[in-house]
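Take a look at the model below. Then follow this short tour of a few of its parts.

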Amino acid sequence: MSASVAISGVSKSYQKGVPVLLPLDLEIQRGELFFLLGPSGCGKSTLLRILAGIVEPDSGSILFDGKDITSLPPEKRQAAMVFQNYALWPHLSVFENVAFGLRAAGAAKKVIEKKVGEALALVRMSDFAERKVPSLSGGQQQRVALARAIAVDPQVLLLDEPLSNLDAKLRDEMRCEIARICRERSLTAIYVTHDRREALSMGDRIALLNQGKIQQIGSPVELYKKPRTRFAASFLGDVNLLDGVVEEHGKEFLRIRTEIGVLLSSHIEKTDAPSVLIRPENIRISASPSQENCFEAEYLSGTFLGERCELKFRTETGRILDVNEDSSELREAGKKYFLSVLPQNVVPLED
Ligand code: ADP
Ligand code: MG
């Protein structure tokens, strides 16, 4: 049965005076697909290992369904882990790999057969039960690793960069698969990645980590559309970050003076805007001026990337802006255009 997870005040340093995790709190709901997203070295794996019981925290407590498991050893926690490198036994068959945890727990033969069969069906690997691991592709091995974790009916499924060793196409496919499996089984899953695309496309919620601290927690859309800081804005997607000062706090709009001129923002819940985010895909290009948030700019250059073009413009104030558009219209360097952005896409940041 899936459990809720409550982490409070958990901290860790491996060396004295070098904190890897500062005391942090997190609540993960039962059945949630929750992401820990952040750059390499920010402490994601450390937190996951603390949840698994492989690493001991310096402080704090962990509750599964309200029960304190902080001092329980890994095998008593009912948390199953899936690793980047699969960690399968090469000399055992697929069936025996998936059965491993159940055998270790002393399950009866019938139970093992049933649970392994169900887990292999769930990951669509039933036909491979008798195969040896080295004869499988990377994607298939990852499916087996997932089946092994699920077969023990864990309260919490922990995934540490499970798709990092797969090529791009397979990674996309496995993203959908893992999300499907977690939802079909209503698994509480905590998924660690540095890949924002994985977190944005799969997660119910994301905690963004940097330097051992939670920067922001929210749904993928919240994090992408309303990042609080420059770091969050940049980590979640492409950005134009402009210095800003709020000139007027109106009923409908904030008037913000920026490096490219005065912009209206509809985010009136904010009082301050030392900087402002405009995502490159939110800038419209036209030949004639529109009403609000419109400014003239010179087209400099563009890169065709297939699904979109990345263009560079220079505003009259000399600021270079990135603009993404989905057409591959040829533009002439040096030509003037009007750029505009909707007030809801002018996002004030805290820093
Ligand atoms: P992430 O998974 O986000 O890349 P980690 O949790 O693996 O980050 O590591 C966070 C920091 O802790 C890194 O600076 C790493 O070098 C350090 N670290 C991780 N594991 C150990 C360990 N067993 N002993 C000493 N330092 C470690
Ligand atoms: Mg890691």
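Where is the place of Leu88, in terms of β6 and α2? Leu88 sits in the loop between β6 (79-82) and α2 (94-104). Keep in mind that this is a predicted model.

Is Leu88 buried or exposed? Its relative accessibility is 14%, so Leu88 counts as buried; the cut-off for buried is under 20%. Setting aside neighbours within four places in sequence, Leu88 is in contact with Asn97, Val133, Gln141, Val144, Ala145 and Arg148. Asn240 is another matter. Leu88 and Asn240 are 152 residues apart in sequence, and their C-alpha atoms are 44 Å apart in space.

**Around the ligand**

Next comes ligand 1. The residues around ligand 1 are Tyr14, Val20, Pro39, Ser40, Gly41, Cys42, Gly43, Lys44, Ser45 and Thr46. By class, four are nonpolar, five are polar and one is charged. Helix α1 (residues 44-52) gives the largest share of this shell, with three residues. Some polar atoms of the protein pair up with atoms of ligand 1, as the table shows.

| Residue | Protein atom | Ligand 1 atom | Distance |
|---|---|---|---|
| Tyr14 | polar side-chain atom | nitrogen | 3.5 Å |
| Gly43 | polar backbone atom | oxygen | 3.1 Å |
| Ser45 | side-chain N or O atom | oxygen | 2.8 Å |

Taken alone, ligand 1 exposes 560 Å², and the protein buries 56% of that.

**Helix α1**

Why is α1 described as largely enclosed by the rest of the structure? Seven of its nine residues are buried, so the rest of the structure largely encloses α1. The buried ones are Lys44, Thr46, Leu47, Leu48, Ile50, Leu51 and Ala52. After α1 comes Gly53, which has a positive phi, near 90 degrees.

**Aromatic pairs**

How many aromatic pairs does the structure hold? There are five. One of them is the stacked pair Phe231 and Phe235, with 5.5 Å centre to centre and 25 degrees between the planes. Both lie in helix α8 (residues 230-236), four residues apart, about one turn of the helix. Phe231 counts as partly exposed because its relative accessibility is 23%. Phe235 is buried, at 18% relative accessible area.

Tyr299 and Phe313 form an edge-to-face pair: 5.4 Å centre to centre, 65 degrees between the planes. Tyr299 lies in strand β16 (residues 294-304) and Phe313 in strand β17 (residues 309-315), so the pair ties together parts that are 14 residues apart in sequence. Tyr299 is buried, with a relative accessible area of 8%. Phe313 is buried too, at 0%. Ring pairs also link Tyr299, Phe313 and Tyr337 into a cluster.

Notes:
Residues numbered from 1 in each chain as written. Chains lettered and ligands numbered in written order. Predicted model: local features only at pLDDT ≥ 70, side-chain atom pairs only at ≥ 80, totals over all residues. Heavy atoms only, no water. Near = heavy atom within 4 Å. Polar contact = N/O pair within 3.5 Å; in protein donor to acceptor, adjacent residues only side chain to side chain. Areas by Shrake-Rupley, 256 points an atom, 1.4 Å probe, with all protein chains shown as cover. Helix = DSSP H or I, 4+ residues; strand = E, 2+ residues; numbered from the N terminus. Nonpolar A, V, L, I, M, F, W, Y, C, P; charged D, E, K, R; others polar. Buried < 20%, exposed > 50% of the residue type's maximum accessible area, 1.4 Å probe, protein only. Contact = heavy atoms within 4.5 Å. Phe/Tyr/Trp six-rings, centres within 6.5 Å; stacked < 30°, edge-to-face > 60°.
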